[in-house]
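This report examines selected local features of one protein chain. Please consult the sequence and the structure while reading.

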Amino acid sequence: MNKDLHLFNELVEFLISEEQNHPVASPINTNELYQTLDLNLNDNPTIDDSFKNTLKAIIKSTPKTASTSFFNQLFGGRISKATLGDLLAVMLNNSMYTYKVAGPQVGIEKTILKKICSMIGYPETADGTFAPGGSMSNHMAVLMARDNYNPSVRNEGVSTKMTLYTSDVSHYSIAKNASFIGVGRDQVRAIKTNEKGEMLAHDLDHQIIKDIELGYQPFFVNATAGTTVLGAFDNIESISNVCKKHNLWLHLDGAYCGSVIFSNEYKHLVKGIEHTNSFSVNAHKMLGTPLSCSIIVTRDKKHLYESFSNEAEYLYQTSDDGFNLGKTSLQCGRRNDALKLWTLWKSVGTTGLESIVNHQFKLAEIARHYIKNNPDYTLYSFDDSISVCFNYKDIPANTLCTALYENAQLMVGFGNFRGQEFVRMVTINSSLQEDDIHNFFKTLESFAISTDF
Ligand SMILES: *Cc1c(COP(=O)(O)O)cnc(C)c1O
C-alpha cells in the first residue's frame, strides 16, 4: 500500500501541475481515443514505469474540472477539506447499511441529516438519507409520494392513472422517475413558467383541476430550487398553497442550488421550504464536495421506512434500527458519501458553507456586470442565479462553446430557454476570484477575434 500511496502522491502532483499549466486538456477525438491512449486490458501485467506512464497520459488528457477555466455544468473546483474526507472514505471503505459495519460513520451521516432537517424548519420526525445523485434523490421522493398516496402500490403495482406535475424547465429526471416508478412518462404534466423560468402556480392549479375532472389521480408536485439551465427558483409558498388545497406531496428539487439554505443572504430564495414534504440537495454542486454527494430529507421518517425498508436477517444483526441506515436507503451496499461533507462542514463551520455559497453569487454578479457593460454581449439570465447565460456578438453559442473546447481554451456549455440558445457560464467553483471571471471573458474574446466564425 505504501508504494501505491507514493505513486498516488506523485500522480496528484502531476495532476495539479497539469491543471495549472494546461487548465483545459486537449480533447482527444473519440475515433482516435483507443489509438492515442493505452486503455487496452491485456493478458500480461503492466507494471512500474509503464503503469505509471499510462496513468499520467490518461490524467493529462482527462478534462480538468478543478481548473480556473472550467465553467461547464454544474460542479467544479476542489475544496481540499472535502476531498480529504472522500479520500478517507475510500481508505476506510465502509458500507453504510449497518452500524455494525460503519460504526461512527453512521453518526456522521445522521448528524448532517438532522442538522439539515432542523435548518429548513422540518419537525422532529424528519429524517433523510444519501442517494447516488440528485436524479436518485428525486426518485426516492416520487417513490415515497407514490406509496403515501396509495400504500397498496408497493405490493400490487400501479393500476390507476396517477399524475405528477413539474415545470416545463425542470430536470429531466422527473420524467425518467415517472417511468421508473411505474406511473409512466405520459403522466407527467409540464407546468408553464414565467419569463424567468419560474413555475406558474395558477397553471399548476388549473392542470390539477383539469386532471381530477378527467378522472386522473394527482399525487406529486416537483418544485425546483435552481433550474438546470437558468438557475431559477420556483415560488415555494404559492406552489405549496396549491398542493395543500389538493392534498398533494410537494418535493423541492434543490440539486443545483438548494445549498442556499446555508446562506442568510440567499435563503429567502427558498422561502416556504418548511411547507414541502421532501427536499433534496447536491453538496457536489454548490458546496463543492467531490461527486457524488446528494441528500434527500423528508418531514416524517416513516415515509423512508415505508418505501425502502425490507427485512433481511442476513444483514441486520444488531437491533438499533435507527442506526441501521440500510432500512431507509435505495441501495443495499452503499458508499460513504457523508464523510466528505462532514469534514468540510466541521472544518469551515456553517458560516464557512455560507461564504462558499455567497461567493458563487458574487462571481455571477461580476460576470453579469461585465456582460451588461459590454455592447458585444447579450444577457439572457437574471439576478440571484449562478448560471450566467449570454451570447457574444452573433456567434452561435453551440459553435463558440465547441470551438473553445476543441481548441483547449475554455470549458463552458450552452443551453436554451424558449427557443433561444446561449452560452451558459456557471460560477459554481468557489475557489475562483474576480480575475478568473475577467480572464474567462478575455480568453473568449481573443479566441473569437483570432477565429473565423
Ligand atoms: C443536476 C440536477 C439534478 C440531477 O442531479 P445528478 O446528481 O446529476 O443526478 C436534478 N435536478 C436539478 C435541478 C439539477 O440541476
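The backbone oxygen of Y305 lies 2.7 Å from a polar atom of the S309 side chain. This is a polar contact, meaning a pair of N or O atoms within 3.5 Å; within protein, one must be able to donate a hydrogen and the other to accept it, and residues adjacent in sequence count only if both atoms are side-chain atoms. The model is predicted: local features need pLDDT of at least 70, side-chain atom pairs count only at pLDDT 80 or more, and totals for chains, interfaces and linings use all residues. Residues are numbered from 1 along each chain as its sequence is written, and side-chain values use heavy atoms, without hydrogens and water.

S309 is located in the loop between α12 (302–308) and α13 (338–372). Helices (H or I, at least four residues) and strands (E, at least two) are DSSP runs, numbered from the N terminus.

T98 lies in the loop between α4 (80–92) and α5 (99–102). T98 counts as buried because its relative accessibility is 4%; buried means under 20% relative accessible area, exposed over 50%, and partly exposed in between (1.4 Å probe, protein chains only).

| Side chain | Backbone atom | Distance |
|---|---|---|
| S309 | oxygen of Y305 | 2.7 Å |
| T98 | nitrogen of V101 | 3.2 Å |
| N235 (oxygen) | nitrogen of E237 | within 3.1 Å |

The contact of N235 is at the start of α11. In α11 (residues 236–246), the buried residues are I236, I239, S240, V242, C243 and H246. The face turned away from this buried side carries exposed N241, K244 and K245.
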